[in-house]
Amino acid sequence: MADALSRGDASSVVLIGCHSFTALEDLPAVANNLTGLQDVLTDPEIWGVPKDRVAVMAQPSSADDVLDVVRQAADSASDTLVVYYAGHGLTDPLNWELYLALSESRKGDVLVHSALRFEYLRRVIRNSGAKKKVVLIDCCFSGRALQAAMDGNATDIVGRAVVEGTYVIAAAGPTALALAKPGEQFTAFTGELLGTLKEGVPGAGELLGMEALFGRMRERLLAASGPLPERMNLNTAGQICIAHNRALPPKLTGPRPSGVGPAIAASQVRIYSAADDVIGSGFLVAADVVCTCAHVVASALRLEPDTTRGVHDERVELDFPLLDGSPRTGARVMTWRRDGEDVALLRLDAPVDGSWPAPLVDATGAWGHACSVLGFPTTAAYGRWATGTLRGHQAHGWLQMDTSSEVHRIGQGFGGAPVWDRELSAVVGMALAAHDGERTAFLLPSARLVEEQMLHSRSPFPGLAPFMEDDTELLHGRDADIRRVHAAVCGRLVTLVSGPTGCGKSSLVRAGVLPRLRAEGMSVSELRPAPRMSAAMSLATALTGILEPELDVRDRLAKAEELGRLLETGVDAHAELRGRILARGGGAGHVLLIDPLDDYVDADPAAARDLFALVAAVSGEDGTSVLRVLATGRPDSLGALVTPAATDLVGNAVELLAPLAVDDLKRVISAQTGDVPGLQFEPGLLERVVADAGDEPGFMPLVQIVLNGLWQNRTRSTLTHAAYDSFGGVTGVLVRHADDVFAELTERQRVDMRRLFVQLSRPGAGDPFLRRPSRATALAPELTDTARMLAHRRLVVLSRAAGDAAQEEMVDLAHEALTRLWHTGRQWLVESRDHRLWQETLRADLIRWESQHRDPARLLRGADLAEAELRMASNPDDISNDERAYILLSHQWRRRARLKQAAIGALAVLVVLAAVLTLSI
């Protein structure tokens, strides 16, 4: 097994080579040996020793100069010292001792001139403080460094040539010649050394020990019929490791820095040229949109970096290198911005499984934050980390990043890479430019990356509109409810989703449940309300579109009328109709959607009951396929469906949906914001919006209205306090919405709205008015209809006690701010204050009377009764049935009391008269 990889920043390398000689044959390949080894050993995917710790001595002429450089390297290395020589090997004519030729070396009859005696090199290496030493000798007779001297005294040169912890590889045996074929790029030995380092050793571990490296080189040279190398391995030196094993699947250089989340793997891409070379990086900013630098795309398309040529719809290749299997795909250029921003957006051919957009955050206030960037330079095409610190904005709006590592800095291959703020665990910008070897790099802030209109054409906040099927990815916070309702639909023939107005029933069904049903093979058709149309015709119109989709409008209407008459006659065609629908629908069945059911109930409760009975009768199984019914509605709408025959069906079909809690709503809003790349709140704004909305009955749709307003008035990708203040915050939006609704009403509707608004408010202590929820049955029928109309417009909320469908329905204003800040409503309340004060007193008396078992003593009398009768006569429409009954009963009781008193008085007179007459007799 190999040791841990030698630390590059604590190691030193000396590469010595001579390719041109004054008295010896030239060796041109040696020059390539030096540059090839320097590139390989500094490659982070192989070893990654810093370039400034690699000394290259090409064409040295002085042995002393060589020994001085080796001595300096030996002194600076605490981990590993690597010394390499390539050139001619010379031997002493008398004792065959090894000399390393320099540029002016020559061999005489009794001496070797101007060469480096290997013994001197050995002594310098031995004296190094490095824990590990590697010596590589590529020359003829290099094996003499490993053999005993041939001077007759049997001195063991092995003990002198190497020291403990040193691994020596010689290119040839003691009497063998090394090989340098004419025209070859490298010498035979060094060429196989480079090839083994670049390609690795199959079957070896993640790191290459010197023994594994030597074994593979020997195999390659044997196969090539080249000189066989020899090695000296003293003790455990064979475990010395200066290379990753490139034969294994590549991995990132270094671990993922702390603070960089797993989103890096899901979002980062690697961009290729037409020649399949890695050009740069990029990252997802939407499910199918990649952001990168325009100059990276220009390089991939082989264009000049400053080209002004249009590149829209040009195609580039990319992959996701950190996902399993590195899935590869194509993308086309959407936008191209070279106006000082250097940004390009690419649309993927299709979203890639497992990929996900990177989270973008504002770089404001990020000064001093630790950050990391993953790039793909040619020396580390599978990825190399650079780390550093964010600095301030430059004059042109770029951010500055100072890299902290002497080795892993931003340079070629980092263009387009996301810059991860490790404190925020999100992307603050995109790497733009840096010069290789320099510590300062620049990035474009995240807020300037995305052209929002290219990604989302509409707001991620629905306002008053529900999310639809295409908005599945925008629906958050309802996963448990979606699973529950989905399971109910799959397990029943009829499912009724019920809850108060504004709780998100339609969004849950349309964006949450229906996509799941379709994914399982079910088809869906929708029944829409049709004024003055019978239940049978409403159902027939919807079903004709399923049964006869190829018909034109006129023929389809004729078929609908025919089917409607069939349903109205009572002929039992339900089973046949069900079979025909399922034959046309999905293989897993068909779903009839009624959303909302309230529209049918509000228009004609009796017709709604008939419609429900019809669709329930049509639902059922036909072989392995099932026709199901899914509806949404307020609790009062479901109550209108209940008949003696349908009580169990309705009761067993209901799935109740409650509004989100305030804290859950905050999390949902944060997720909605994250759906739009780069979209963000100014600090504190989200908390301000939720606090201003409060825990009011209609706070969910109200907040969505506000958020949609912030979206419409955003500054680039930021939702701002300034925009919020400009439209008056939550209350300002609510007031304008109330004005808009009121302006659309008829005169009769305005009168009823005024009456309802007054009844849903009450005078408080002093000047303010407060919300006053009312039982629906306590309101006049026309006000109940008005309440339902205003519930659709989110000014009124209709609800029941959570989880209790038997509770009486309540009507309430959406927000108390309507009583304080809506000018029209406030004026109504001021004008009705006296009447409402009296009415609240009356209601208190009524409640007390009922709570005391209707004690006649608690009925109205005297001036109170007189005032009540006067107000009931002057404002008959604003007195509820219960209040009217209480006043009339008080009147009747007092009338009886007066009659009784009169009778008693008359009887008393008669008694007195009788007594007088008796006395007079």
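Tutor: What follows begins with the sheet and then turns to the chain as a whole. This is a predicted model, in which local features need pLDDT of at least 70 and side-chain atom pairs count only at pLDDT 80 or more, while totals for chains, interfaces and linings use all residues. Residues are numbered from 1 along each chain as its sequence is written, and side-chain values use heavy atoms, with hydrogens and water left out.

The sheet is an open one of three strands in the order 34-36-35, with antiparallel pairing; strands here are DSSP runs of E with at least two residues, helices are runs of H or I with at least four residues, and both are numbered from the N terminus. Two strands count as paired if DSSP finds at least two bridges between them. Strand 34 (774-775) and strand 35 (796-799) are the edge strands, each pairing on one side only. Strand 34 is joined by two bridges to strand 36 (residues 810-813), and these two run antiparallel; here serine 774 stands opposite valine 811 of strand 36. In general, strands of a sheet pair through backbone hydrogen bonds, either parallel or antiparallel. Helix 25 (residues 781-792) packs on this sheet and touches strand 35 and strand 36, where contact means heavy atoms within 4.5 Å. The direction of helix 25 makes about 110 degrees with that of strand 35, an angle taken between N-to-C directions on a scale from 0 to 180 degrees, with axes fitted to C-alpha atoms and, for helices, over the stretch in contact.

How far can the model be trusted around here? The predictor's confidence in each residue, pLDDT, runs from 0 to 100; its mean over the chain is 79, and 81% of the residues reach 70 or more. Over residues 801-806, however, the pLDDT is below 50, and this stretch has four contacts in the model beyond near neighbours in sequence.

Of its 921 residues, 52% are buried, meaning under 20% relative accessible area with a 1.4 Å probe and protein chains only, whereas exposed means over 50% and partly exposed lies in between. Among contacts with a separation of 6 or more, 71% are between residues 24 or more positions apart.
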